[in-house]
Each structure stands twice: as C-alpha cells, then as structure tokens.
Amino acid sequence: MSVFPQVAMQNPALLVAYRAHERELVRFLARRLHCVATARDLAQDLYVKLHDQPPTGELRHEKAYLFRMAANLATDHLRSVSRRAELLAEAQAMLWDGLEQPTPERALAARREVQAMRRAVAGLQPLSRRIFEMNRFEGKSQREIAALLGVSQTTVENHMRKVLAILTAARAGRTP
C-alpha cells in the first residue's frame, strides 16, 4: 500500500505521451538550456504541471503540445535567470559605487607606505627578519619556527611582537 494519497490523473493521455517522450523532452530542454540537470528539473516541472492541469479536452498532437509547454518553461527559466543576473549586477554596482576610486595622491601615499615598510623590514635584526618571513610569507606557525630555528616559542613570540611594533610605526610614518 502506498503512503501517498491516490489522486486522480487529470490528463492521462498527456501523461502517457509525456512518459513516451520524456527522454526527447529532456534532450530538447538540455539543448536550449545548456544544462542537463536544469533540463531534468524543468521536465519534472512539466510533468507536475501536466498532472495538476485540468482536462484540456481532446488533443490531436500531444507531442507538439508537450514540446510547446517545455519550450515555454525553458523561456520562462531563461528570463528568470537573466533577471536574477541583472538584479545581482545592479546590487554589485550599488555596492561598488560607494567605494572611493584610487587617486594619484592615494597611489603615491601607498607607494611611500610600502617603501617605509620595506626599509623597516630591511633594518630588522637577521633573526627577527627570518622569523617574520617564515611566519608571514612561508605560513609557518610560531611553534614550527621555534623548532626549525632551535629557539623557544617565547623567543619567536617576542621577536614577532617587536617586528609588528616596528612595522606599525613605519606604516604610521614614525620611527619606533
């Protein structure tokens, strides 16, 4: 016994025609949509529509009727996708319009800041520079650095703290 309630089929002839042409319908939709998964979803939607649709009377060309319904579903789907893309583009444009565009002055300030940071890194003690490079550029943890360099983790933490203070001061344009 089925757990689903029995529902009388509204258009048994159309549902039989759907089953007979289901593969063709999916291929037809896949060509239009360029996506087999979406084609299968829309074919399922078509089946549900046919199942729920009130009787249409006698149809001479059931296959043509099915393909016209499938084409309409595909068109509606493509319109929906297109509209969603337009809305997303509008939203992104609104979000990005609020951001300030780089000006020559900002670019110059950024270059100066980078130069100050490079000078600060170049002026570090060799051990401090090595610890910083291993942590920030090689992605090593403080524990890994301590093991590789043969120093305590506290030593690594102290060097990193000192380096970050020096870089913060350099970025702010002052000497530590």
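These notebook entries record what I looked up in a predicted model.

**Entry 1: the main core.** I began with the largest nonpolar core, which has 23 residues. Tyr18, Leu25, Leu29, Leu46, Leu50 and Leu66 are those with the most contacts inside it. I then noted which elements give two or more residues to this core: α1 (12–33), α2 (36–52) and α3 (62–97). Helix α1 gives the most, with 10 residues.

**Entry 2: Leu66.** I listed the neighbours of Leu66, leaving out residues up to four places away in sequence. Leu66 touches Leu14, Ala17, Tyr18, Leu25, Leu46 and Leu50. Apart from the core of Entry 1 lies another, of 14 residues, and I found Ala120, Leu124, Ile131 and Leu167 among them.

**Entry 3: α5 against α7.** I next examined helix α5 (residues 126–136) and helix α7 (residues 153–172), whose axes come within 9 Å and cross at roughly 90°. From α5, the contact is made by Leu127, Ser128, Ile131, Phe132, Asn135 and Arg136. From α7, I recorded Val156, His159, Met160, Lys162, Val163, Leu164 and Leu167. The residues of this contact divide into eight nonpolar, three polar and two charged.

Notes: Residues are numbered from 1 along each chain as its sequence is written. This is a predicted model: local features need pLDDT of at least 70, side-chain atom pairs count only at pLDDT 80 or more; totals for chains, interfaces and linings use all residues. Side-chain values use heavy atoms; hydrogens and water are left out. Axes are lines fitted to C-alpha atoms, for helices over the stretch in contact, and angles run from 0 to 180 degrees between N-to-C directions. Helices (H or I, at least four residues) and strands (E, at least two) are DSSP runs, numbered from the N terminus. Contact means heavy atoms within 4.5 Å. Ala, Val, Leu, Ile, Met, Phe, Trp, Tyr, Cys and Pro count as nonpolar, Asp, Glu, Lys and Arg as charged, and the others, Gly among them, as polar. A nonpolar core is a set of buried Ala, Val, Leu, Ile, Met, Phe, Trp, Tyr and Cys residues joined through side-chain atoms within 4.5 Å. Buried means under 20% relative accessible area, exposed over 50%, partly exposed in between (1.4 Å probe, protein chains only).
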